[in-house]
2 protein chains.
Amino acid sequence: MKTPSKETQAAWRALLSVSKSLVESIERDLKAADLAPLAWYDVLLEIEKAGKDGIRPFELQERLLLPQYGMSRLLDRMDTAGLIQRETFGDDRRGQSVFLTPEGKAMRDRIWVVYAGFLADRIGGVLSETDAVALRDLLRKLA
Amino acid sequence: MKTPSKETQAAWRALLSVSKSLVESIERDLKAADLAPLAWYDVLLEIEKAGKDGIRPFELQERLLLPQYGMSRLLDRMDTAGLIQRETFGDDRRGQSVFLTPEGKAMRDRIWVVYAGFLADRIGGVLSETDAVALRDLLRKLA
DNA sequence: CCCAATATGATGCAGGTGCATCTATATGCT
DNA sequence: AGCATATAGATGCACCTGCATCATATTGGG
């Protein structure tokens, strides 16, 4: 049987526990500030980056690594919350294009205040620029 | 507003996406082999490490970073699946001690075959020992 | 000794996720 | 054109998770 080295196992355990702790931490911060969760931020950001033509749900799925049904329901909730709009368009009547509402844009901005603080504090405050680059490079090897 | 550097943001995005992808990947492998999910493995391992006296649920919560109700229900399911046993004991009649059944031990062993292969392949195969140590150290700074 | 505070674990409810499947439209092969 | 296949997105169902709260047992202060 293939057996991973102690170093491999230690790196993996650190990866699991650190990412879990950090995600839970930022999610708590967002909830405490009455803001939407991280997944919503990612969607809001992608839509905003897409610009005035909006973006197709299936493109969002691919970029954010969500399953199709997951994105469908996430967009449902964000729509209900008034943060996005979905419009069918003539080109392909199966599809739709997703846009931010002003409230969606405002929500992204408010989340970013908390999120940026978290990143600057919990990551920027702990890792030097050199460390951050090294970490990113090591993680990329795993991708 | 505090703004995290580009390097900080890139490291964070890599951390999020790599840990997510790897976890989904091992979960898929386990499911494909008809085995229990990762969280179950962690519990089975901790119980086994605890030895013949078993382990208390609240100790499992602390070690595995699960909320109390999460561990309570996880143990319910594992009990129903016949992998563990819970016994109340005289010392503190609020509490209980958790033990592996033979099936639980067997499940842990079978999961480890898949899990070890995954780690050796997807991490050990990609990172040198030096890389693995460096990654672990960088992640520890974030903990 | 008694009562408030604390610790251990369980549970009702609302909401989120995975899986399979469904509907509707578009494309391609003959 | 006609029909099989593929693509975009929605949804029913079972299960899982978070939150609040509960029940029970223990501890500590007066």
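Across the interface of chain B and chain A, 2 salt bridges are found, a salt bridge being a side-chain nitrogen of Lys or Arg within 4 Å of a carboxyl oxygen of Asp or Glu. In one salt bridge, A:Lys141 pairs with B:Asp131, with the closest N and O atoms 2.9 Å apart. This is a predicted model, in which local features need pLDDT of at least 70, side-chain atom pairs count only at pLDDT 80 or more, and totals for chains, interfaces and linings use all residues. Residues are numbered from 1 along each chain as its sequence is written, chains are lettered from A and ligands numbered from 1 in the order in which they are written, and side-chain values use heavy atoms, with hydrogens and water left out.

The interface also holds 10 residue pairs in polar contact, both residues being at pLDDT 80 or more. A polar contact is a pair of N or O atoms within 3.5 Å; within protein, one must be able to donate a hydrogen and the other to accept it, and residues adjacent in sequence count only if both atoms are side-chain atoms. On the side of chain B that touches chain A, α1 (6–32), α5 (102–124) and α6 (129–142) each supply at least two residues; helices here are DSSP runs (H or I, at least four residues), numbered from the N terminus. The most comes from α1(B), with 16 residues. By class, this side of chain B has 33 nonpolar, 8 polar and 10 charged residues. Here Ala, Val, Leu, Ile, Met, Phe, Trp, Tyr, Cys and Pro count as nonpolar, Asp, Glu, Lys and Arg as charged, and the others, Gly among them, as polar.

A polar backbone atom of A:Phe58 is 2.9 Å from a phosphate oxygen of DNA strand D, while an N or O atom in the side chain of B:Tyr69 is 3.4 Å from a sugar or linking oxygen. A base oxygen is reached too: a polar side-chain atom of B:Arg73 lies 2.9 Å from one in DNA strand D.
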